[in-house]
Every structure is written in structure tokens, then in C-alpha cells.
There are 2 protein chains.
Amino acid sequence: MEGSEGGHHPYVPKDLKLPGFVPGFLSWSTILGVFGLSSFLVVSLVWIFSGKSKKSKVDRLIMCWWAFTGLVHIMLEGYFVFSPEFYKEKTANYFAEVWKEYSKGDSRYAGRDAAVVTVEGITAVLEGPASLLAVYAIAKGKSYSYILQFAISLGQLYGTAVYYITSYLQGDNFAASPLYYYGYYIGANFSWIVIPSIIAIRCWRKICAAHQVQGQKKTKIR
Amino acid sequence: MEGSEGGHHPYVPKDLKLPGFVPGFLSWSTILGVFGLSSFLVVSLVWIFSGKSKKSKVDRLIMCWWAFTGLVHIMLEGYFVFSPEFYKEKTANYFAEVWKEYSKGDSRYAGRDAAVVTVEGITAVLEGPASLLAVYAIAKGKSYSYILQFAISLGQLYGTAVYYITSYLQGDNFAASPLYYYGYYIGANFSWIVIPSIIAIRCWRKICAAHQVQGQKKTKIR
């Protein structure tokens, strides 16, 4: 119907309508390079500043993760959620470039799939700020530190599950090539399966241990 | 294209294709009555049996909730997840009747929307058995009791959020009438917003308190 306005785009499925689509300006290596350097900067800063505290190296590493993932949620995913027309962007806006490029691995981003927008919305609006709060909570040794980290990790895992299962149920045909499928769709999300799993298990154990200590204390008081 | 095979169904949007659709046999009052009576039976049994323990009334009430919600997740939602053709059911199978009726409030069930199936799948397969485990964990005073309840409640809240937000993003036009919209789509899910929120907050507080006790103990040991 609006085939001529569909716009030529590099995404799959080919019949996805993206009227007004403007191709990306930056190469994948530039986009990835900026992301890598910014991430390295954030992680380095948190590592250095947390070195002044008495925190263990594990705690400091986890603080780096929360700062990194929090900023990714707020800045990158936040941009996506509130920019439904990013694929029409006529300048080399870095955030638009990221999603124009990532859509080659999962065209549901450009196509504004409801499940993807929902998961990204929850992630950007709730989990992003909560992740930065987790950095603070660990630094200050707050009593809610573990339960907060557990909550965010579980949210990340639930979101990733919804992300993959909805794609599977819809035919899993949203990547422009196997390279993009494994490089972007699988590769870019892999950390958000592995690291939240490790942190969730760690928090679960810490919380169980605290309850055992509390239980022992109650027994002694008796 | 297959308009003639689309089947006459009572759902909205009217152009939803459900070839082979067979209308429900039971009235809404029968379906709700069976649900209400079964739920009352489950809650009563858990309440009576838990009375023999030294558990507080709050703990016993929460055990009733986990037994109820666990069985709903496993039996009702489990049936839906693994019965993609429930709307073709030619007998008065109670589980098919439930979803034929509920689809009047949200036709995405009959239409097999990917987000709905995903959320129901996670709920039925993971949260259902975990809810029954929570009954056991509370009864036995396990150290993982609160963190388990917190995890399931958060999963229920995340699922409900995905459920409503995806519908909103897709136009929120899946109910056959305002009565079904408020009665089924909003009303039937309301408990799964309120109760998991209360339980999650309660668990958060209990876990923070346990960490404070642990912190005090550590200080004393020093």
C-alpha cells in the first residue's frame, strides 16, 4: 500500500515499513569504539574512586557493573524508549546511530515492537536509576544493598527472558544476517544474562546468611 | 482472505481471525462460581492445616495466598500456555471455558499475542512451582523464605507491567465491552498488583532488618 514510502532499509523482514528511514552515518567500528571507550572510562573512574574505601575488590567490581549498566539503561535504552522515530534521524546523532546499527540484529527496535518497547521502558525508567542507587548503596554499606541488587538483577533477567521468548514466538526472523544475529542479538545481550545471574545468586546467599545469623541471635536471646 | 473461515467470535477486534472457534458452553457465573469455590477450598485447607503450627496469622494468610496463586499459575495459566487451540475446544472443558470467557476482556489470549504467551509462560512454569515452594518455605521457616517470596512477587509485578504496557502500546482495544474491560482485564488482575506489592515491601523490610541485625552482631564481635 505505502510500498514506495516503505523506505529502503537494511533490516529483516524486508517488508517492514519504515517510511522516512535515513541510513546510519557511522561505521559499526566507530559506534562500538565510542561505546567501548566510554564504558572503559566509567568503569575506570568507579574502580579508582572506590579504591579509597575499604570495600573488597569484588564489591568494587560490582560497583563498576552497576555504574556501567545504569548508564547504559538510562542513556542508550532511555533514548530508544523516548525516540520512536530514531530511524528518521538525519544527523549522525550517536544514540540514533546505535539503534540504527543494533536494529540489524533485531529489527523489532526500528519496528517499535510492543514487547521490546515495554521491556526497554521498564529497564530505562526503573532499573537504570535503581542501578545507580546500587552503586551508592554498596559504597555506603546500606542494609538494603543486597535486596536492591537482587531486585534489579531479577528485573534484568525477566526483561531478557521476555525479549528472547517474544522473538522466538514471533518466528525469530529479525536479524539481517547470522553475523548480526550472533554478534548483536545474542552477543550484546549475553552480559545481561550472565552477570545478573551471578549477582542474583550472590545476593540470595548473602540474604539467606543474614537470616541465619538473625535466627541464631534470636535463639541466643531466648 | 480466510474471512469466511474467520469464525464468528464474541471478541474485539472483530477482524481477529480464529478459524474453528467454538463458543463457550458454561455461563460466566458458573465459571466464576467454580473458581471461587475451588479457591475457597484451597485457602480454607491451608488456613486449617497451618493452624497447627506456631505461625502468626499474617504468615498463615500469606501461605494461603501462595497456595492459591501457585495453583492458579500452574493449572489455569499452565493450561493456557500449552493449549494454543483452546478456542477450538468442542467440549465444556473447564480450563478452555475460563480462557474463552476471559478473552472477552482481553482477546490477546485467544489471539495468542506473543507478549501475553511469554508472560504467562514464565508465570506458569517458574512462578507457579516457586509459589508452592514458598508455602513450604514459610511452614518450615527456611532462611530463603523472604527472598523467595520477594523474587516471585517481583516476577508477578514485572509480568503484570508487561501485560498492561504492551496492551497500551498496541492500542488497548482488546475488550468486548467496558464491562469486560473493567470486570476481567482490570478486575481479575487487580489482586496480582496489590498483594505482590504488599508482600514485596514486607520482604524488603524483613531482609533489611536481618542485615541490620547481622551488622550489629559483626560490630559486637569486633
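User: Which residues of H5(A) meet which residues of H4(B)?

Analyst: In this predicted model, A:Tyr158, A:Ala161, A:Val162, A:Ile165, A:Thr166 and A:Leu169 on the H5(A) side meet B:Ala114, B:Ala115, B:Val117, B:Thr118, B:Val119, B:Ile122, B:Thr123 and B:Glu127 on the H4(B) side. Sorted by class, this contact of H5(A) with H4(B) comprises 10 nonpolar, 3 polar and 1 charged residues.

User: How should I read the geometry of such a pair, and at what angle do the axes of H5 of chain A and H4 of chain B cross?

Analyst: Two packed helices are described by the angle between their axes together with the distance between those axes. Here the axes of H5, residues 145-169 of chain A, and H4, residues 114-140 of chain B, cross at roughly 125° and come within 9 Å. Because of that angle, H5(A) is oblique to H4(B), and the crossing of H5(A) and H4(B) is right-handed.

User: How much area do chain B and chain A bury between them?

Analyst: The size of an interface is often given as the accessible area that is lost when the parts come together. For chain B and chain A the buried area is about 3,200 Å², with 78% of it on carbon and sulfur atoms.

User: What is the secondary structure of chain A?

Analyst: Chain A has 6 helices and 0 strands, following the pattern α-α-α-α-α-α along the sequence, and the C-alpha trace of chain A spans about 80 × 35 × 30 Å along its principal axes.

Definitions and conventions
Residues are numbered from 1 along each chain as its sequence is written. Chains are lettered from A and ligands numbered from 1 in the order in which they are written. This is a predicted model: local features need pLDDT of at least 70, side-chain atom pairs count only at pLDDT 80 or more; totals for chains, interfaces and linings use all residues. Side-chain values use heavy atoms; hydrogens and water are left out. Axes are lines fitted to C-alpha atoms, for helices over the stretch in contact, and angles run from 0 to 180 degrees between N-to-C directions. Helices (H or I, at least four residues) and strands (E, at least two) are DSSP runs, numbered from the N terminus. Angles under 35 degrees count as roughly parallel, over 145 as roughly antiparallel, 65 to 115 as roughly perpendicular and the rest as oblique. A crossing is left-handed if the near helix is turned anticlockwise from the far one by less than a right angle, and right-handed if clockwise. Contact means heavy atoms within 4.5 Å. Ala, Val, Leu, Ile, Met, Phe, Trp, Tyr, Cys and Pro count as nonpolar, Asp, Glu, Lys and Arg as charged, and the others, Gly among them, as polar. Buried area is the accessible area (1.4 Å probe) that two parts lose on being put together, summed over both.
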